[in-house]
Amino acid sequence: MATARGLRPLLTLSRCSRGRGGAPGAPGSRALAGVAPGASQVDNSSGFLGRRPHRRHPGVLQLPCVRVPPVLAAAARALLLESSLPGVEAQVPALRNYLWSRRVPVEPEELQRRARRLEERLLEDADVPPAEERLRQAVLQTLRRTTYHWQELTYNERLSLVYMAARLDGGFAAVSRAFHEIRTRVPKFQPQTLMDFGSGTGSVTWAAHSAWGQSLREYMCVDSSAAMLDLAEKLLRGGSASGEPHVPGVFFRQFLPVSPKVQFDVVVSAFSLSELPSKADRTETIQTLWRKTGHFLILVENGTKAGHCLLMDARDLVLKGKEKSPLDPRPGFVFAPCPHELPCPQLAASKPLACSFSQAYHCIPFSWNKKKQKEEKFSMVILARGRPEEAPRWPRLTQPVLKRPRHVHCHLCCPDGHMQHAVITARQHGRDLYRCARVSSWGDLLPVITPSESELPPSPAEDPLRVDKDA
């Protein structure tokens with residue numbers, strides 16, 4: 001095991017590289033990358049490894065390649081063949097790419113600020129002030145060219161089928177990964193009720209049934225599209241409107257339940273917040289979903305910077321906001337992926353990055369699917385009722401582990417709210433930590449502890465590799 005004394009020269013190197021302007025993880029500073037204090041020694045105080053191999057340490061959360069239930073895949077193929085949609089092979093990738101690049105609409109206040117800045121810039125650049133009408137036309141033309149044009153999607157019967165063919169298996173994989181996180185870290189949790197906001201084709205219901213089918217008794221699916229709800233119900237019945245549902249206890253609604261007293265053990269919103277037309281609608285929806293949450297609120301969006309920012313806004317709203325009628329006095333905390341409630345270090349960097357994860361899945365064997373397996377890239381936030389002390393606060397791997405001879409590079413989001421580039425070796429940090437890091441994957445937790453701040457060398461300035469006393 002490494003001690004704080006052994007870390008001092010590495011920390012000194014890290015401070016020197018920072019003084020020369022090198023950023024941690026940048027190519028020019030890779031040789032000087034120090035081991036983060038958050039990755040000082042393995043958290044084996046309780047002997048959690050026991051006789052288990054390192055590849056099964058409790059921080060391993062990677063889910064093997066998932067597969068849509070055969071009944072659901074067969075129903076989706078039957079419905080698509082029955083509809084005989086023309087040109088579906090071209091529409092599926094087009095819709096998938098459109099949804100991936102989708103962003104939230106620009107608020108009217110932001111549009112006004114952009115218009116004022118453009119007007120001031122045009123007036124400064126012009127030798128002779130243009131006429132008012134010409135200035136207005138120039139501002140409008142520039143705004144039309146540079147502003148994202150958000151449009152509400154209306155899912156009729158045709159578009160619902162295309163969405164099913166494009167997103168059913170990928171959405172199932174992303175939500176399955178979120179459920180796997182809860183099942184692995186809280187194996188005693190057995191939910192009985194679930195609500196899915198923006199349920200779409202019902203992939204959340206199928207994933208929840210695969211995870212907790214023995215305990216779940218009620219599934220509430222909420223979607224504003226009647227055509228999408230009809231399609232989800234047909235999928236549950238094996239592709240027909242008269243068959244027996246393969247998942248019992250599923251109810252469909254077009255609006256959220258009104259009663260504030262009704263709570264669900266698990267509340268899910270997967271790829272739905274980006275479909276709301278304004279920030280006010282998102283705020284009201286998130287507050288309603290949190291009031292409906294009894295234990296876990298799961299939010300999933302695309303693994304893009306836009307999707308990640310959307311989830312961080314929702315996370316901050318729940319953690320800092322006050323509910324209108326708080327019937328549940330229990331506070332909320334971030335269960336995953338963040339090991340803290342501080343601002344996201346990925347967005348605070350000089351070049352903001354999306355905190356995303358990847359999940360492999362077997363594709364539904366449609367005729368146009370040439371690949372048997374694909375990767376679903378997504379961002380997620382799981383909020384829980386209770387206290388953060390109830391869950392382990394271990395750093396999370398935010399990128400794939402780079403394995404090199406006798407050392408590994410790990411990019412960690414640490415409990416002190418900072419990103420750390422840790423270079424872990426068996427000689428400096430012990431055999432247990434090195435092996436645990438080497439077998440870990442993107443999205444796993446690294447079971448390490450932090451030495452107390454008194455054991456570290458003093459720093460005259462605030463150090464980006466500072467130690468959190470409570471970690």
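Visitor: Why is Glu-133 called partly exposed?

Guide: In this predicted model, Glu-133 has a relative accessibility of 44%. Buried means under 20% and exposed means over 50%, with partly exposed in between, so 44% makes Glu-133 partly exposed.

Visitor: What makes Glu-133 and Arg-136 a salt bridge?

Guide: Their side chains meet at 3.1 Å, N to O. The cut-off is within 4 Å, so the pair counts as a salt bridge. Both residues sit in helix H5, three residues apart, which is about one turn of the helix. Arg-136 is partly exposed too, at 43%.

Visitor: How do you know that Glu-181 is buried?

Guide: Its relative accessible area is 0%.

Visitor: What makes Asp-432 and Arg-431 a salt bridge?

Guide: The N to O distance is 3.9 Å. That is within 4 Å, so the pair qualifies.

Visitor: Which of those two is buried, and which is partly exposed?

Guide: Asp-432, at 17%, is under 20% and so counts as buried. Arg-431, at 48%, falls between 20% and 50%, so Arg-431 is partly exposed.

Technical notes: Residues numbered from 1 in each chain as written. Predicted model: local features only at pLDDT ≥ 70, side-chain atom pairs only at ≥ 80, totals over all residues. Heavy atoms only, no water. Helix = DSSP H or I, 4+ residues; strand = E, 2+ residues; numbered from the N terminus. Buried < 20%, exposed > 50% of the residue type's maximum accessible area, 1.4 Å probe, protein only.
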